[in-house]
Amino acid sequence: MREAGRLVAEARLIVKELMRPGVTTRQIDLAVEQFIRSKGCTPSFKGYRGFPASTCICVNEEMVHGIPGARVLAEGDIVSVDIGVNYRGYHGDSVWTYGVGKIAPDRQRLLEISEKAMLAGVAMAQVGNTTGDIGAAMERVAMNAGYVVSKEFGGHGVGRSLHEEPSVPNFGEPGKGVTLRTGMTIAIEPIVVMEDAAAVTLKDKWTVVSKYDYLSAQFEHTVAITKDGPQILTTL
Ligand code: MG
Ligand code: MG
C-alpha cells in the first residue's frame, strides 16, 4: 500500500503541471492513466462498478465522482482530481483540489480550509480513537470557517479493495463510531462545501453536483493507523 500510495502522489505532481487554462479534463485523465500503466499498475477506478475513466475530476460546482471529458479548464476554476492506483492488488486513494491559474480569494480560502479539515481528520487517526473522532475534527474545522461538510459522502477503509469497512464519515461525535486499531488503513476525504451540501447526481449516473451551484473542495489521503500514530501513505 505504501508503494501504491507513492505512485498516487507521483501522479498528483503530473496533474499539478497540467492544471492550466485550455486543458480538458480528459487530457488530465489520460495523462494519469498513462503514468499508472507505465509503472505496471492499473487505475483503481477504471471499470469500478462501471466507472468509465481512470480518475474522477470535478470542476467548480461539481462535487464528487465527476467523469473526465471535453470540459475545458478556464482561469479561476477549482478542480478536484481523485486518483486510485492498484499496485499488486493493493490500493492507494487520494484526491486533491487545484486552482487553475489565478483564483479568487474566497476560492483560495475554501481550498485551504478543506485541506486543513482533512489533515485534522488524519491527526485523529490514532489507535484507540474512533471514526467519530475523525469526523468531528473535520466538521469542526469546516464549521469554524463558515462552511459545511457533505454528510452524504465520506471516507472508507481501503486495502485489497478500494472500498472496505469501516466507513469514515465527514462528521461525527467524539468517541462514537468504529474504534481504530493498529494496522487499519483508511481513506480520509472530507468534501467541504461553501454553504449547503445538498447534491444531485447527473444523468451520466456518476457526476454529483451541488444542488444550488455552491463550490466545494475535497482533499483525501490514504492513512495507516500505527502504534506510532497516523502514517500518510499517499505521499512521496
Ligand atoms: Mg479517492
Ligand atoms: Mg476514497
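Which backbone oxygen does the side chain of Thr-185 reach, and at what distance? In this predicted model, the side chain of Thr-185 comes to 2.6 Å from the backbone oxygen of Val-158.

- Thr-185 belongs to strand S9, which covers residues 185-188.
- The relative accessibility of Thr-185 is 18%, and the residue therefore counts as buried, since the cut-off for buried is under 20%.
- Beyond the neighbours within four places in sequence, Thr-185 is in contact with Met-1, Gly-157, Val-158, Gly-159, Val-223, Ala-224 and Leu-233.

**The cavity**

- The model has one cavity of 30 Å³ or more, and the largest cavity holds about 60 Å³ of space.
- Strands S2 (55-59), S3 (62-64), S4 (78-87) and S13 (216-218) each give two or more residues to the lining of the largest cavity.
- Among the lining residues are Cys-58, Val-59, Met-63, Ile-78 and Gln-218.
- By class, the lining of the largest cavity consists of six nonpolar residues, five polar residues and one charged residue.

**Strand S2**

- Strand S2 is mostly covered, with five of its five residues buried.
- In a regular strand, side chains alternate between the two faces of the sheet.
- In S2, Thr-55, Ile-57 and Val-59 point one way, while Cys-56 and Cys-58 point the other way.
- S2 pairs with S4 in the antiparallel sense, over five bridges.
- Within this pairing, Asp-82 in S4 is the bridge partner of Cys-56.

**The largest pocket**

- The volume of the largest pocket is about 540 Å³.
- Its lining is made up of 29 residues, and those nearest the centre of the pocket are His-65, Gly-154, His-156, His-163 and Glu-189.
- Strands S7 (155-157) and S8 (164-168) each provide two or more residues of this lining, and S8 gives the most, with five residues.
- The lining of the largest pocket comprises twelve nonpolar, eight polar and nine charged residues.

**The second largest pocket**

- The second largest pocket has a volume of about 210 Å³.
- Helix H1 (2-18) and strand S5 (90-99) each give two or more residues to its lining.
- The residues lining the second largest pocket include Ala-9, Arg-12, Trp-96, Tyr-98 and Leu-236.
- Seven nonpolar, two polar and two charged residues form the lining of the second largest pocket.

Note on methods:
Residues are numbered from 1 along each chain as its sequence is written. Chains are lettered from A and ligands numbered from 1 in the order in which they are written. This is a predicted model: local features need pLDDT of at least 70, side-chain atom pairs count only at pLDDT 80 or more; totals for chains, interfaces and linings use all residues. Side-chain values use heavy atoms; hydrogens and water are left out. Helices (H or I, at least four residues) and strands (E, at least two) are DSSP runs, numbered from the N terminus. Buried means under 20% relative accessible area, exposed over 50%, partly exposed in between (1.4 Å probe, protein chains only). A polar contact is a pair of N or O atoms within 3.5 Å; within protein, one must be able to donate a hydrogen and the other to accept it, and residues adjacent in sequence count only if both atoms are side-chain atoms. Contact means heavy atoms within 4.5 Å. On a 1 Å grid over the protein atoms alone, a cavity is a set of points where a 1.4 Å probe fits but cannot get out, and a pocket is an open set with protein on both sides within 12 Å along at least five of seven lines; lining residues have an atom within 4 Å of a point. Grid points are joined across faces, edges and corners, and a volume is the space filled by probe spheres set on the points. Ala, Val, Leu, Ile, Met, Phe, Trp, Tyr, Cys and Pro count as nonpolar, Asp, Glu, Lys and Arg as charged, and the others, Gly among them, as polar. Two strands pair if DSSP finds at least two bridges between them.
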